[in-house]
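Me: Could you walk me through this model before I set anything up? I would like to start with the overall arrangement and then look at a few residues.

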2 protein chains.
Amino acid sequence: MTLTAAPLRLSTTSATFDAEFKARLHWSADADAAIEKVVADVLADVRQRGDAAVLEYTRRFDGLGPASMQDLELTQADFKEAFDSLPVAQRDALQAAAARVRSYHEAQKKASGESWSYRDADGTLLGQKVTPLDRVGIYVPGGKAAYPSSLLMNAIPAHVAGVGEIIMVVPTPARGSVATGGSGAAASSEGERNVLVLAAAFVAGVTRAFTIGGAQAVAALAYGTETIPAVDKITGPGNAYVAAAKRRVFGTVGIDMIAGPSEILVLADGSTPPDWVAMDLFSQAEHDELAQSILLCPDAAYIDAVQASIDKLLPQMPRARIITASLNGRGALIQTRDMEEACEISNRIAPEHLEVSSHEPHRWEPLLKHAGAIFLGAFTSESLGDYCAGPNHVLPTSGTARFSSPLGVYDFQKRSSLIEVSAQGARVLGPIAAELAYGEGLQAHARAAEMRLEKP
Amino acid sequence: MTLTAAPLRLSTTSATFDAEFKARLHWSADADAAIEKVVADVLADVRQRGDAAVLEYTRRFDGLGPASMQDLELTQADFKEAFDSLPVAQRDALQAAAARVRSYHEAQKKASGESWSYRDADGTLLGQKVTPLDRVGIYVPGGKAAYPSSLLMNAIPAHVAGVGEIIMVVPTPARGSVATGGSGAAASSEGERNVLVLAAAFVAGVTRAFTIGGAQAVAALAYGTETIPAVDKITGPGNAYVAAAKRRVFGTVGIDMIAGPSEILVLADGSTPPDWVAMDLFSQAEHDELAQSILLCPDAAYIDAVQASIDKLLPQMPRARIITASLNGRGALIQTRDMEEACEISNRIAPEHLEVSSHEPHRWEPLLKHAGAIFLGAFTSESLGDYCAGPNHVLPTSGTARFSSPLGVYDFQKRSSLIEVSAQGARVLGPIAAELAYGEGLQAHARAAEMRLEKP
């Protein structure tokens, strides 16, 4: 059967544009009551029974037969062995990517993650001390869909921040287990390991790792068990159970964003080879049927050319079926009045990935307010950013770039205000604080300030 | 009746210390099913019916009788009138506090909130663009318990970040309404307004303001109504309904932390007048019966002296009843082996407010890893920081300082990665990205990178 991928064609001059555009963007991640119930039970059980509960759920959901927690721990030797088993080209690529990601995040730390302070004329010191988290947990999805690049993108900023320990969890379900949708027949102590993920753990540097997943892994990291140390924050993507578990443990530990489907928006002025743009739209669409690829362009003939490239290139793609479903279900090719309007619409979308495929990208960049990552110029394919340009590929989705940021060193740091009021400063600040405290009816606050004015 | 405040006396050398200490720290904010149900319904209704639902809930819960949304909007003239009505000393104190808070947050923006970028040797540009949120909502609790200082602490960092519009909501329940626990008899269009809050709105600069509260106000800000504009983030404290509503709209908009009871930890070496320390413990305890005040000190005689100061000063305090309940229920005076151990215990607590009441605070500060704000030296009472030293008084509670930070300019900004790969850079990065993409089975990613190596 021949697949036909035809993203919805829209024009901003149409009277129905706003409604059609809104409908196409719509995506909602409503909580699933059945998932919530399972997750609440698993969390409570692991909190209560620790290792015993983790072992039980791992047997049940991943079809493994571990005798003890020791069977579920990966060692540094496992990581090295995986790394050494890779072809040289893959080893080199992993290390080159890691080096670039590290150097970008070191620049990020220097630019926005260092402690600072200053002294007032009266000697009062004010500032912020920036310190790393002690211990973080990284969730890595299991099986063949695991992305080693995501492990680099989570672990390296944590290292650069100075995090002391990085605990990785990665399910290794047996073939035929509940987790892989099979019959649950197997019961070995070791499931399917992803060699690239283990090799990435070697390259990125992971302190300890356990072959567990799902809500039970999130619970183990949040509350700690006899074997698994409790962490301060959990990052990394996972399925609906993992996402629900992360939401629920938030407050006990920190969490990163809960990601929606991936998205790309290409702002094109018609100067980029249409094949390049078509392939960039594919590279988002191939992730997932719910992924969203949108082209904004003022030139109708260019949009036709991109559609022709889509038709030509689609048959070559191994993941053509997913690409087709994504483009037909959620894709859009939108003709705008001009590039300025395209920028404005982009700001309404606040896309995860934003390609400015223009011969003058710096003309448009200042107009772009909301996006996870902005890829400037025709040579900057999103996929370069996904793997090795340096910036993080964990980005805000579903319009949350309006208020949130790429994963970064700052996610593995926290700040403490520093205040040292001098005796002289206390005489300036005391009366102000006392006046406001009395106004709020908080007399002990006022007295504490006033006492510093009196002879001790 | 004479009140007696006797915080639990503990010693780290006791065999039972760990258990007693853990029990005293325990605090749990379990979700209340009844509250969750009400909040879910209110959110859905406001999302669906907009203004009509907001009006209905405001009539029902706040005992007001607004004819339309217009009756619920405060004007700039209202703010100015409130400000002008204050005694000069209060006006001056508000403005002095605002000026100091502003200048601290400007330094914060400069130190950690500016855009940055660099170019590789091959001309590839990498960096991050830092931009303000477009529009934020600030929740201010209503009635007599409202704190104008909190409005300053929320609005000023937003302004410094460059946020375009600040929308304030502040319930003004009628006396005798459901919100004030009364009979619901009144039905005027105007409830009890807190003049200091309105004056603070004048000083801090608020774009628009509505006299609504509860889950309905959170819903209106998150989803928007015909009258109330949808915001990108909601900050500010509220009751259990407000907290539950904020958790539920997270993802649609950003939210700040969900605060637990306030806490102070005083690390004392015995050099500060005991009255000062006692009053600092009171100033936390007077907030709330669940507030927690803890003293850590290696000197038993000094701890006795602080207890004596507590006994002496308590009868003078208008809020003695709350202070007593807080100190008896949750307070602790802990004798440690030495200051080093005190620092270590402080790190286990990760307190919201940490006073280093020592004659050599800079000796201990480097040992302190986790705290919302660190107050150095005897003159730095927490209350100076609460009102006017400059740093934000919205701080992580309940041990969340292990992974989170004071409210700051960064909470009203977000970041977009910037990547511009040069033609030459694409030739370096393309093969690396393609190798890793093929390894992950994402062929369109690989092809998009490879196409940039081919002649267009």
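Reply: What follows goes from the chains to single residues.

Reply: This is a predicted model, in which local features need pLDDT of at least 70 and side-chain atom pairs count only at pLDDT 80 or more, while totals for chains, interfaces and linings use all residues. Residues are numbered from 1 along each chain as its sequence is written, chains are lettered from A and ligands numbered from 1 in the order in which they are written, and side-chain values use heavy atoms, with hydrogens and water left out.

Me: How many helices and strands does chain A have?

Reply: Chain A has 17 helices and 15 strands, taken as DSSP runs numbered from the N terminus, with helices being H or I of at least four residues and strands E of at least two. Of its 456 residues, 59% count as buried, where buried means under 20% relative accessible area, exposed over 50% and partly exposed in between, with a 1.4 Å probe and protein chains only.

Me: Switching topic, which residues does the "binding site" annotation cover?

Reply: The unreviewed UniProt entry lists A:Ser262, A:Gln284, A:His287, A:His353, A:Asp386, A:Glu440 and A:His445, and such annotations may be inferred rather than shown by experiment. These residues spread over 184 residues of sequence and, in space, up to 55.9 Å between C-alpha atoms.

Me: Where is A:Gln284 found, and what does it touch?

Reply: A:Gln284 is found in helix H10 of chain A, residues 274–285, and is buried with a relative accessible area of 0%. Not counting residues up to four places away in sequence, A:Gln284 touches several residues, including A:Ser262 and A:His353, where contact means heavy atoms within 4.5 Å.

Me: Is A:Thr58 buried or exposed?

Reply: A:Thr58, in helix H3 (residues 51–62) of chain A, counts as buried at 0% relative accessibility. Among the residues that A:Thr58 touches, beyond four places away in sequence, are A:Leu72 and A:Thr211.
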